[in-house]
Structure formats: structure tokens, C-alpha cells
Amino acid sequence: MSETEARPAAGIRTTIDDGRTAIGIELGSTRIKAVLTGPDHAAIAVGTHDWENQFVDRTWTYSLDAVWAGLRDCFASLAEDVRRKYGTELRTTGALGVSAMMHGYLAFDADGELLTPFRTWRNTNTGDASEALSELFGHNIPHRWSIAHLYQAVLNGEEHIARLSTINTLAGYVHWQLTGERVLGVGDASGMFPIDVATGGYDTRMLAQFDELAAGRVPRKLAELLPAVLPAGEPAGTLTEAGARLLDPSGVLQPGAALCPPEGDAGTGMVATNSVARRTGNVSAGTSIFAMIVLENELSRVHPEIDLVTTPAGDLVAMVHCNNGASELNSWAGLFAEFTTALGVDVDTNKIFETLFRAALSGAPDGGGLMAFNNLSGEPITKLHEGRPLFFRVPGSSLDLATFMRTQLYAALATLRIGMDVLQKEESVKLDRMFAHGGLFKTEGVAQNLLAAAINTPVSVGDLAAEGGAWGIAVLAGFVRDRQPGQSLDDFLTSAVFAGAQLDTAEPDPADVAGFTAFMQRYVAALPVQQAAVDNS
């Protein structure tokens, strides 16, 4: 039990009334979540709002109306949790932070009007731009990065480019509206354009190269289009009266809270798992799945499977990003839930997930001749431009629940394994510890154990990361408020946030390691089947 949990409700109420709290809000792919933390950084209240992206005109998007409706509902949910638990109103907070899904493209004119629907990280229609920029810079530019979306729009001759004044990520946009400050945390900025880790800002050589490439086709210099970059711990503005009303139209929430630099979900995941130090890493698994490894040295060469981004403090990170994570697993669980309902059996959804996941532990270690692809959208690591979820098996294989579920979990980890092999086998990157968080790991000892086998590395999970990136950005907001002179983010997390934190660590099981390796050999061999499904349906 944390210090905050042990404290009487009356004491927490005083803490809330005095504003000795921090609020973290994260706009994830399927949920907007808000977490209120106390002085010891433990969560004391939570609010949520569920939402989904739309596939409109072959583009994955969310409307800005949905963004603000979701934020208001999420904040109202947080305020209601405060009233219910502590009998008081959420009138103020000492610090606030905003996080959201990384990358993507939000383009605005000089009046701040959106020029084209938000293009999320999930879109993979920027292949020409990605390839051209990667070659120009000598630096991998993934499909989902903001600069790839911008240049693809240039290549496509899109009308909105002539009126372009600024571009941003979702977190940067929301922060801008709450504070009036057009700034971005360095971790999120590194998903817009390459960062020079020596200076902590955008790479000036590459900025100049892009300006020369786009001369006459983009109305402003790229540096003028991009938000300013700030590292963790730097103040990034205050909540304005207009910003407070955007979150809370009721008028209860007061302006004045200090905001930290807005960050992407990858950066807040690193904070939530205390993996910002070199030779540490984390895996986040939700709608997408990705690994973040803090590097000791630069990689020897460019790898298309590896993104080079940064921690919220600006240290170099190798990112293995897979567009497809647990969504297909959720669909199968929904099918089983529908079956139980048809039988007249009322079973809690969480129980269904737990039962299915635990069944996977007794499945055939190599997948037993079963094969699955979880691709709902394109997957650049496997050069798949669109997604087609598939399940098939060879004649003579046994279609049992345990092996079926193991195969589905393996499919969720397969593309991650391809990228991790590049780091561990080709670049000899060493890891002291790997942390895991996200919905995939809620069932204790299942996905955690299989991930340990997939990357042949011990994997730890901990209670503090249970609230995910929303808690991570609340911690970053607290860092702005509580930072000691010269204190690093790593030291702050270790000494002030995670001191005494309990971790559960799973060691890789040799039989599962061998089984996953055998599954991967069949998975890679079957990739043409996945491509054929895209080409013929």
C-alpha cells in the first residue's frame, strides 16, 4: 500500500483543496484517461472516456470535435471520482500534463484552423515520402512521422499546403489550446522530425536539406512550421482561463496550473516504467505494440525496422514500433463473449479475457501448426501496406483453445520480435532490464512470460505502471513542480517516484524461447500469404 492509499480520505481532501496535486491526461488510441496524483505521485483519482478512430476516405482519423468532447467527458469523470471518494470539488491543481498517441499530422493555417483531417500514426500511405526522406537524410523516417505526412502531402500536390502555417502532434495541439504555447516535449518532437541529441533540438542539417528539397512548394521554413522543443522538467506554460473552460465548461476548474512539456505515449510509457536510463527498455502493448530501448551508443547503420527517437529528457532511444497490437485479440475475446451470451451464461468480460489468456500457457510452445496475423492496418516492419487479419492452420494440426490462444498472443508479438532481432543480434544492444505495461499484460504471468520468451530477456511488470501513460505524464508534470536544481529525470524517478517499488520479473523459459523461435520461422515464411490476402480482397 502506498503512502497516499494509507492516508485518510480527509487528508487527501485537504491535499486536493490546496492544489498539492498533479493531473495527467493521455489521449490513447481507444481511451482518453486522466489521473490525479498526490505529493507522493501515487494515483488518488481516475477518469476515463472511451473512443475509437474512424477510417474515412482510406485515412485513420479522429475529429477535433471528438477530441474536445472526449477530454471534457474524461475530466468530468475524474472530477466525479474526486467527489465520490473525497467529498470535494476538483477546483485546482498544482501541475498538469498532456500526452497523446505519438506522430501523425495536424496542419493549421495562420488563424489556427485545421486544414485537413487529423492523420494518425496508424496511416501507412506515406511510403514514397518515407523512402525519399530516409535516403536524403541518411536517417530512417518512418511512415507515421509528421515529416513523412507533410512531404507526402507535398508530393501529392495537396491544396492545403499553400495555406500551411504550423503542424503539430495531438498532444502538442491540445497543450497549445490549453496554454497558448506552441511547444512540444523532446520525446514527442522526435516523432515529428529527427532530433540532434547533442543540442536537444531538431537536426539543423536535415532541416536545411528539407527546406532545399521543398523550396517553392512549402510556404514557410520547416523550423517555423514545427513547435519549439523542450526537455522534461522545463516549464511549458500555465493553464489559461480559456484552457480551463475547454476541459471543464462548468467553471469549477480554475486556471493557473503549471504545465510540463506535452509528450507522446511512448515517452510517458518510459516514465511509467522507470526506463529512461541507458540499457533499460520497456514494451507498451495496446492497439499498437512497441519497444523503447535507451541506447548507450548510436547504431552502426540505418535500419528501416528501427526508429531513432528520444526519452523525454532527450537521450537517444531505439524504437521498434508495430502498428498492430492487441486489437485482434480483443475481437476474438468479444466473439467468445458473444458465444457465452448465446448460451445464456452471464460472464464478466474480464473473466473471459483471463480465462482465454491463461489457457495459452498450456498451448503448444511452437503454435502446433496454427498461424495467425493480427494486422488490422498496414505494418511497415513487414512491408505490409494494408491489414487483413488472418488465422489458418496446416492439415493434421490440433485446433484446441490453448494453442489457438497462444498463437494469437504470439501474433501480437511477432513483428516486435523482428525489430528486436535487429537490435540484439545485428547491433549487439545490451539490456539490463525490460519493463512491460499496457492492457496485454493485465493477466498476471501470461503475456509477460511469452514476451520474455519472444525477446529472450527477463521482463518485469509493476503496480505503479498500472495507470499507464496518463500516470506517466502526471509524473512529468510533478517533475516540473518538484524538480531540484540540476536534478535529472532518471534521478527524480529513482529517488522520488519508484523508491521501494515492487516488481514482478519473469525469466524466459527455454522451452518457450525455442517454441517462439520455431513459430517465427513459420511466421516469416507465411508472410506472402498475408500479402496475398491484401492483394486479393
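Visitor: Which strands does helix α15 lie across?
Guide: In this predicted model, α15 (residues 447–455) lies across β15, β21 (433–437), β22 (459–462) and β23. The helix runs at about 150 degrees to β22.

Visitor: What's the strand order in the open sheet of seven strands?
Guide: The order is β17-β18-β16-β15-β21-β22-β23. The pairing is mixed.

Visitor: Which strands stand at the edges?
Guide: β17 (307–310) and β23 (503–506) do. Each has a single partner strand, so one side of each is left without a neighbour in the sheet.

Visitor: And what does the twist average from one strand to the next?
Guide: 30 degrees.

Visitor: Do β15 and β16 run parallel or antiparallel?
Guide: Antiparallel. Five bridges join β15 (residues 280–285) to β16 (residues 289–294). Within that pairing, G281 stands opposite I293 of β16.

Visitor: Changing topic. What's the mean pLDDT of the chain?
Guide: The mean is 94. Of the residues, 98% reach 70 or more.

Visitor: Where does pLDDT stay under 50?
Guide: Over residues 1–6. The model has seven contacts for that stretch beyond four places in sequence. Where pLDDT is low, the predicted coordinates should not be read in detail.

Visitor: On to aromatics. How many aromatic pairs are there?
Guide: The count comes to 22. One of them is W68 with Y173.

Visitor: How is that pair of W68 and Y173 arranged?
Guide: The ring centres are 6.0 Å apart. The planes sit at 65 degrees, which is over the 60 needed, so the pair is edge-to-face.

Visitor: Where in the chain do W68 and Y173 sit?
Guide: W68 is in helix α3 (residues 64–86) and Y173 is in helix α6 (residues 170–179).

Visitor: Are W68 and Y173 buried or exposed?
Guide: Both are buried.

Visitor: Which residues form the aromatic cluster?
Guide: F373, F392, Y410, F516, F519 and Y523 form one cluster.

Visitor: And what sits over the ring of W60?
Guide: The charged end of R122, 4.4 Å from the ring centre.

Visitor: How many bridges pair β19 and β20?
Guide: Four, in the antiparallel sense. β20 covers residues 390–393. A372 has F391 of β20 opposite.

Visitor: Next, S165. Where does S165 lie?
Guide: In the loop between α5 (146–155) and β8 (166–168). S165 has 11% relative accessibility, and the cut-off for buried is under 20%, so it counts as buried.

Visitor: What does S165 touch?
Guide: Leaving out residues up to four places away in sequence, S165 touches F108, D109, A110, R220, E224 and L225. The C-alpha atoms of S165 and F108 are separated by 5.8 Å, with the two residues 57 apart along the chain.

Visitor: Back up to α5. How many of its residues are buried?
Guide: Nine of the 10, so α5 is largely enclosed by the rest of the structure. Among the buried ones are H149, Y151 and Q152.

Visitor: What covers the buried residues of α5?
Guide: The cover includes α4 (127–137), β8, α8 (204–213) and α9 (222–225).

Visitor: And what's the phi of G157, which follows α5?
Guide: Positive, near 65 degrees.

Visitor: Last one, β1. How many of its residues are buried?
Guide: Six of six, over residues 22–27. A22, G24 and E26 point one way, and I23, I25 and L27 the other. In a regular strand the side chains alternate between the two faces of the sheet.

Visitor: Does β1 run parallel or antiparallel to β6?
Guide: Parallel, joined by six bridges to β6 (residues 95–100). With β2 (residues 31–37), β1 pairs in the antiparallel sense, over six bridges. β1 and β2 form a hairpin with three residues between them.

Visitor: What stands opposite G24 in β6?
Guide: G97. In β2, the bridge partner of G24 is V35.

Methods: Residues numbered from 1 in each chain as written. Predicted model: local features only at pLDDT ≥ 70, side-chain atom pairs only at ≥ 80, totals over all residues. Heavy atoms only, no water. Pairing = 2+ DSSP bridges. Helix = DSSP H or I, 4+ residues; strand = E, 2+ residues; numbered from the N terminus. Axes fitted to C-alpha atoms, helices over the stretch in contact; angles between N-to-C directions. Contact = heavy atoms within 4.5 Å. pLDDT = per-residue confidence, 0-100. Phe/Tyr/Trp six-rings, centres within 6.5 Å; stacked < 30°, edge-to-face > 60°. Buried < 20%, exposed > 50% of the residue type's maximum accessible area, 1.4 Å probe, protein only. Lys NZ or Arg CZ within 6 Å of the ring centre and 35° of its normal.
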